[in-house]
Amino acid sequence: MKKEYLIKQYKTIYKKSPTYIIRAPGRINLIGGHTDYNDGFVLPIAIDKYTNMLVSKNNEKKIRLYDLKYKESNEFDLDNIELSPQKKWSNYQRGIAKALLDAEYEIGGMDVLILSEVPEGAGLSSSASIEIATLLSFKKLSDLEIKPIEMIKLARKAENEFVGVDCGIMDQFASLLSKENHALFIDCRTLNFQYIHLSIQGYSFLVCNSMVKRKLAESSYNKRRRECRDALKILQKYLPEIKALRDISFDDLERYGSFLPGKLQKRVKHVVYENERVIQSYRELLQENIERFGGFMYRSHQSLKELYEVSTEELDLLVEIGKNETGVLGARLTGAGFGGCVIYLVKNSCIEKLKEKILDVYGKKTDLVPQFYKVVPSRGAYVYSTESGFPHYY
Ligand code: GLA
């Protein structure tokens with residue numbers, strides 16, 4: 001999206017120039033499904049689709065918002081922040097303002113223009129990108145001393161406690177700290193992370209949006225979290241030292257797994273094996289073994305389908321199509337599941353053929369027209385000062 005166009009729109013709406021342009025990306029998770037809130041490991045990349053926010057201070061204690069895509073405005077007062085049932089899209093900004101105030105940061109009013117390139121309800125973290133962009137806006141305009149990890153935690157808190165989705169920490173992490181051409185290997189317990197250079201020459205990540213909106217996603221997601229907590233509680237009777245499902249070894253699973261009700265047994269098995277797959281994937285990627293990494297993507301999908309039960313027929317079909325095409329090394333659902341997107345690791349020269357095949361087979365079986373995005377591993381959130389014109393990290 002052209003900066004000049006956005007600045008012009010800003011001037012028309014607010015009759016002044018923006019001070020900063022903030023950009024925060026969406027993400028895909030290469031592997032590590034539903035492991036983050038179990039203190040486990042994940043391996044996301046930021047994608048080259050960003051939420052753009054143009055911002056400047058106002059001298060009132062008001063946050064004024066204008067969403068350019070929906071041509072809708074909304075405002076709220078910093079002295080009285082409540083959920084908006086009508087303008088749900090503004091709840092992310094409200095939640096961030098509230099989280100900052102609760103943590104005793106001093107923030108002032110701002111006038112905001114939003115244009116997001118991240119598709120919504122597709123499992124690409126459009127909400128985390130809005131949260132991170134909002135946080136950075138406050139940080140820049142109110143000169144907040146706040147460390148990246150603190151920002152990530154606050155953004156997650158806003159989503160958990162204000163918006164009401166009990167998400168883990170991965171999406172906000174990836175949106176803020178990703179790096180071009182690298183994946184982020186995150187230990188969601190310690191929050192230590194490492195960049196892995198992605199040597200995938202000749203291959204790309206292709207995202208296919210199933211166009212099945214993640215219906216009931218929020219409630220089913222929260223249900224999975226509860227199941228993990230319930231399983232943990234039962235297992236702690238036998239293994240009092242464990243703090244999260246991340247602490248369960250293959251041996252523990254063998255020994256105590258059968259004390260769990262069948263459904264919980266499946267959930268735990270997924271988490272234990274998926275964590276191991278992330279660690280193995282990290283090693284394979286370091287060694288540039290992308291074929292073996294692709295194999296882990298397929299196994300991850302199978303486990304999300306059969307053990308964690310968060311896939312859908314449409315997502316399974318998309319993965320199956322990939323398996324039968326030449327040049328596809330791996331495929332899996334990304335994000336929470338229950339709809340949304342599948343990602344493929346595919347040879348560049350085979351992308352068009354894969355797309356044609358999907359349009360044909362998927363189109364006939366589902367009556368849906370999937371969308372494709374070829375994504376590149378991109379950098380995390382950054383800020384342009386409209387005065388200097390140069391981008392810089394926060
Ligand atoms: C959503 C959540 C993340 C993570 C994934 C599943 O994207 O926001 O925290 O739990 O689902 O891996």
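**Reading cores, helix packing and salt bridges**

Biologist: Which residues is Phe 138 in contact with, leaving aside its neighbours within four places in sequence?

Modeller: In this predicted model, Phe 138 touches Ile 63, Ile 96, Ala 97, Leu 100, Ile 107, Gly 108, Met 110, Asp 143 and Leu 144, once neighbours within four places in sequence are set aside.

Biologist: What is the largest nonpolar core, and which residues have the most contacts inside it?

Modeller: In soluble globular proteins, nonpolar side chains tend to be buried together. Here the largest nonpolar core has 49 residues, and Leu 100 and Phe 138 have the most contacts inside it. Helix H3 (residues 126-141) contributes the most to this core, seven residues. Another core lies apart from it, with 45 residues, including Val 165 and Leu 304.

Biologist: How do helices H10 and H11 pack?

Modeller: Helix H10 (residues 313-323) and helix H11 (residues 351-366) pack at about 145 degrees, their axes 10 Å apart. The crossing is right-handed. Among the residues that meet are Leu 317 and Ile 321 in H10, and Ile 358 and Val 361 in H11. The residues of this contact comprise seven nonpolar, two polar and three charged.

Biologist: What does the salt bridge between Arg 229 and Asp 166 tie together?

Modeller: The two side chains meet at 2.8 Å, N to O. Arg 229 lies in helix H6 and Asp 166 in the loop between helix H4 and helix H5, so the pair ties together parts that are 63 residues apart in sequence.

Biologist: Where do Glu 320 and Lys 323 lie?

Modeller: Both are in helix H10, three residues apart, about one turn of the helix.

Technical notes:
Residues numbered from 1 in each chain as written. Predicted model: local features only at pLDDT ≥ 70, side-chain atom pairs only at ≥ 80, totals over all residues. Heavy atoms only, no water. Core = buried A, V, L, I, M, F, W, Y, C linked by side-chain atoms within 4.5 Å. Buried < 20%, exposed > 50% of the residue type's maximum accessible area, 1.4 Å probe, protein only. Helix = DSSP H or I, 4+ residues; strand = E, 2+ residues; numbered from the N terminus. Contact = heavy atoms within 4.5 Å. Axes fitted to C-alpha atoms, helices over the stretch in contact; angles between N-to-C directions. Left-handed = near helix turned anticlockwise from the far one by under 90°. Nonpolar A, V, L, I, M, F, W, Y, C, P; charged D, E, K, R; others polar. Salt bridge = Lys/Arg side-chain N within 4 Å of Asp/Glu carboxyl O.
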